[in-house]
Amino acid sequence: MAMPVIVNLMAFQVGWFTCVLGGSRAGGIVVALILAGHWRWLARPGEWRWLVGFAGLGFAVETALTLGGGYDFGTPPRVLPPAWLWLLWPLFATLLHHGLAWLWHRPWLAIGGGALGGTTSYAVGARLADVELAVWMLPVQAVLWGALCGWLCRRLGTQR
């Protein structure tokens, strides 16, 4: 495995743990640094569209799930998700052309991995961040991330 891919995977993990354990302020700073470093040293031309697109998609999805009662962040009730939660989406997008590039040529593995990995990430993240999930959240996450990774296979699986 090439060093840039290892750094990409490690940066994602650092960002994920910082967001989940450190909250919005620490997560925002670390994700901003990771994204800046990604753009400077690793990003391909036009890759910024994926990062911005996933930031918008993450904000929309997490807002819908928050409004739908999928999360209990404690008091007071929230209308919008905390920044640390939706910042995980552009952080994930840093993996698309690098740490996860190999996956998009394997649709069934990507779909299954997305369904299992997405669900696990939400379950572990919620527990670490002291967030309660509605009983329907994990099945919704499995469908959402499985479908998203299937779509990514169609979009990115043709690229080399």
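A residue is called buried when its relative accessible area is under 20%, exposed when that area is over 50%, and partly exposed in between, using a 1.4 Å probe and protein chains only. By this criterion Cys19 is buried, with a relative accessible area of 0%. The model discussed here is predicted, so local features need pLDDT of at least 70 and side-chain atom pairs count only at pLDDT 80 or more, whereas totals for chains, interfaces and linings use all residues. Residues are numbered from 1 along each chain as its sequence is written, and side-chain values use heavy atoms, with hydrogens and water left out.

The cysteines may be considered next. A disulfide is defined as a pair of cysteine sulfur atoms within 2.5 Å, and a search of the whole structure returns 0 disulfides. For Cys19, the nearest cysteine sulfur is that of Cys149, 19 Å away. Cys153 is likewise in no disulfide; its nearest cysteine sulfur, again that of Cys149, lies at 7.1 Å. Cys153 counts as buried, at 8% relative accessibility.

Both Cys149 and Cys153 are among the buried residues of helix H6. Secondary-structure elements are DSSP runs numbered from the N terminus: helices (H or I) have at least four residues and strands (E) at least two. Helix H6 covers residues 137–156, 20 residues in total, and reaches 27 Å from its first C-alpha to its last, close to the 28 Å expected; the expected span is 1.5 Å times one less than the number of residues. Its buried positions also include Met137, Gln141, Trp145 and Leu156. Contact means heavy atoms within 4.5 Å. The buried residues of H6 pack against helices H2 (48–67), H4 (88–93) and H5 (107–129), and against strands E1 (71–72) and E2 (132–133).

Aromatic side chains provide a further set of links. Rings of Phe, Tyr and Trp (for Trp, the six-membered ring) pair if their centres lie within 6.5 Å; planes under 30 degrees apart count as stacked, over 60 as edge-to-face, and the rest as tilted. The whole structure contains 9 such pairs. One of them joins Phe54 and Trp89 in a tilted arrangement, with 6.4 Å centre to centre and 40 degrees between the planes. Because Phe54 lies in helix H2 and Trp89 in helix H4, this pair ties together parts that are 35 residues apart in sequence. Phe54 is buried at 4% relative accessible area, and Trp89 is buried at 2%. Phe59 and Trp86 form an edge-to-face pair, 5.6 Å centre to centre with 80 degrees between the planes. Here Phe59 lies in helix H2 and Trp86 in helix H3 (residues 83–86), so the linked parts are 27 residues apart in sequence. Phe59 is partly exposed at 33% relative accessibility, as is Trp86 at 23%. Ring pairs also link Trp50, Phe54, Trp89, Phe92, Trp145 and Trp151 into a cluster.

Two individual positions complete the description. Thr18 lies in helix H1 (residues 3–41) and is buried, with a relative accessible area of 18%. Asp130 lies in the loop between H5 and E2 and counts as exposed at 63% relative accessibility. Asp130 has a positive phi of about 60 degrees although it is not a glycine. Most residues other than glycine have a negative phi.
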